[in-house]
Amino acid sequence: MTFPVRIEIIPAQGIVEQVQALVPKTTALSVTCLPHHGIERTMRTAVELSDAGYKVIPHLAARGIRSRSELTEIVRGCDAAGIREVFVIGGDRKQAAGVYDSALPVLEDIAQYTGGMLRAGVAGYPEGHPLVSPVDLLDGLLAKQHLATHVVTQMCFAAAKIHDYAALLRREGVRLPVWAGVAGSVPRTRLVALGAQIGVGSSLKFLSRKGPLARKLLSGDRYSPDSLIAGLTSRPGTIAGIHLYSFNSLDSVPAGPDQATTSALQTALIRGAARDN
């Protein structure tokens with residue numbers, strides 16, 4: 001069995017050089033957008049990597065976009081760099097920087113500006129969202145799905161949760177392909193420390209409440225997604241692909257043309273990175 005794989009990176013200093021040294025050009029890269037970095041750093045990193053020959057998907061946080069003219073410039077920058085897909089989220093800013101307070105109006109403007117030529121992924125939350133009710137999350141996906149191409153789940157640590165979530169979406173009329181958000185093999189302390197920064201604090205809190213499960217998953221020096229990957233393969237056709245949260249640990253990543261066999265992916269995820277830059 002094979003899963004398409006995308007690797008999420010954080011646009012930290014030196015990441016472009018690290019990617020070029022360690023990641024095959026056939027690997028698709030997703031560039032996150034942190035509130036303290038801003039969209040400018042995300043776009044700069046995405047353009048550099050696209051120019052270097054990678055397929056790149058920049059994250060656009062709606063509440064971080066200052067104006068419609070800034071969004072127009074982002075779209076122009078994507079077109080000039082050959083970037084054909086973005087990932088649109090509301091973002092973690094408490095106050096919107098401009099006219100956009102959620103992902104939907106950004107998706108609407110992107111569709112208008114590009115005539116639907118720029119693909120867009122949206123976020124899904126198998127374990128819920130601390131600030132948004134489950135019904136509102138579902139209604140949001142129903143409202144956005146005609147403007148989006150797929151759903152990427154928030155980082156999750158239980159295959160059953162992801163399978164149940166995908167089934168829920170189908171039952172309620174959301175037909176978008178679902179990509180499973182999976183943490184790569186990273187040091188346990190790094191996972192905990194960076195989790196909240198990229199918006200997965202709720203998943204980590206979920207783990208902390210689970211006692212034996214938390215001890216199993218977060219015991220030792222390094223988190224291993226072995227059982228999670230095995231569980232995701234148990235129901236063929238449910239998951240469209242793997243969105244791998246790398247935490248910039250890139251020494252061991254899946255190779256191949258935007259996909260990897262399950263066994264190769266497991267090996268790569270479990271071995272993790274020797275570097276933790």
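This is a predicted model: local features need pLDDT of at least 70, side-chain atom pairs count only at pLDDT 80 or more; totals for chains, interfaces and linings use all residues.
Residues are numbered from 1 along each chain as its sequence is written, and side-chain values use heavy atoms, with hydrogens and water left out.

**Exercise 1.** Determine how helix H2 and helix H3 pack.

*Solution.* Helices are DSSP runs (H or I, at least four residues) and strands likewise (E, at least two), numbered from the N terminus. H2 covers residues 39-51 and H3 residues 68-81; the angle between them is about 15 degrees and their axes are 9 Å apart. Axes are lines fitted to C-alpha atoms, for helices over the stretch in contact, and angles run from 0 to 180 degrees between N-to-C directions. H2 is therefore roughly parallel to H3 (angles under 35 degrees). On the H2 side, Ile39, Glu40, Met43, Val47, Ser50 and Asp51 make the contact, and on the H3 side Glu70, Ile74, Gly77, Cys78 and Ala81 (contact: heavy atoms within 4.5 Å). The residues of this contact of H2 with H3 comprise six nonpolar, two polar and three charged. Here Ala, Val, Leu, Ile, Met, Phe, Trp, Tyr, Cys and Pro count as nonpolar, Asp, Glu, Lys and Arg as charged, and the others, Gly among them, as polar.

**Exercise 2.** Describe the packing of helix H1 and H2.

*Solution.* The axes of H1 (residues 15-22) and H2 come within 10 Å and cross at roughly 30 degrees. H1 and H2 are therefore roughly parallel to each other. Ile15, Val16 and Val19 of H1 meet Thr45, Glu48 and Leu49 of H2. By class, the contact of H1 with H2 has four nonpolar residues, one polar and one charged.

**Exercise 3.** Identify the residues with the most contacts inside the largest nonpolar core.

*Solution.* This core has 75 residues, and Val19, Leu49, Ile110, Leu232 and Ile242 have the most contacts inside it. A nonpolar core is a set of buried Ala, Val, Leu, Ile, Met, Phe, Trp, Tyr and Cys residues joined through side-chain atoms within 4.5 Å. Leu232 touches, among others, Phe3, Ala159, His163 and Ile242, not counting residues up to four places away in sequence.

**Exercise 4.** State whether Ser67 is buried, partly exposed or exposed.

*Solution.* Ser67 lies in the loop between strand E3 (56-61) and H3. Buried means under 20% relative accessible area, exposed over 50%, and partly exposed in between (1.4 Å probe, protein chains only). Ser67 has 22% relative accessibility and so counts as partly exposed.

Technical notes: Angles under 35 degrees count as roughly parallel, over 145 as roughly antiparallel, 65 to 115 as roughly perpendicular and the rest as oblique.
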